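Please read it alongside the coordinates.

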Amino acid sequence: MKKASDIELARLIGDRMKEIVKRESQERLASQGGEDVSAPNYGVAQTLNNYADKYIPGDNEFKKVLHAIALAESGGRPDAVGDGGWALGVFQANQAGGRGNGHRKEDLLDPDYNIRISMPELTQGYKQALAE
């Protein structure tokens, strides 16, 4: 079982990541305009919460971790493209040998699809981290 201090540290890191992404998002908004994806109801927040409840019902820490990962990977943007065009969507599913391999670009850019195919791996990683 994870020590309480390890879980608290993970929570603090997630909270700090959210603060940084929110600040950067607000700065970007001020200079370019657009939707603030770091706000509590950014485009994919409810979808993430729904999937979190399907995989680990009632675990609010899991939700926080998922949100922190989504914000770190893509800024919470379903249309995010990285890694030379290979990593796509909310969780940057990589078509070049990653979890996006074999999936169509338009599917990976669909937030529900991207989150759905990412959840088994993310859930397994979260459960393993708690068990260590």
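1. Asp 112 and Arg 116 both lie in helix α5, and because they are four residues apart, about one helical turn separates them. The two form a salt bridge, with 3.5 Å between the closest N and O atoms. Note that the model is predicted.

2. Asp 112 has a relative accessible area of 32%, so it is classed as partly exposed. Arg 116, at 38%, is likewise partly exposed.

3. Shared partners matter for the next group: salt bridges join Arg 104, Glu 106 and Asp 107 into one network. Within it, Asp 107 pairs with Arg 104, and their closest N and O atoms are 3.0 Å apart. Arg 104 is partly exposed, its relative accessible area being 48%.

4. Arg 99 and Glu 121 make a further salt bridge, where the closest N and O atoms lie 3.0 Å from each other.

5. On accessibility, Arg 99 counts as partly exposed because its relative value is 24%. Glu 121 is also partly exposed, at 45%.

6. As for the total, the structure holds seven salt bridges. The pairs described above include Asp 112 with Arg 116, Asp 107 with Arg 104, and Arg 99 with Glu 121.

Terms used. Residues are numbered from 1 along each chain as its sequence is written. This is a predicted model: local features need pLDDT of at least 70, side-chain atom pairs count only at pLDDT 80 or more; totals for chains, interfaces and linings use all residues. Side-chain values use heavy atoms; hydrogens and water are left out. A salt bridge is a side-chain nitrogen of Lys or Arg within 4 Å of a carboxyl oxygen of Asp or Glu. Buried means under 20% relative accessible area, exposed over 50%, partly exposed in between (1.4 Å probe, protein chains only). Helices (H or I, at least four residues) and strands (E, at least two) are DSSP runs, numbered from the N terminus.
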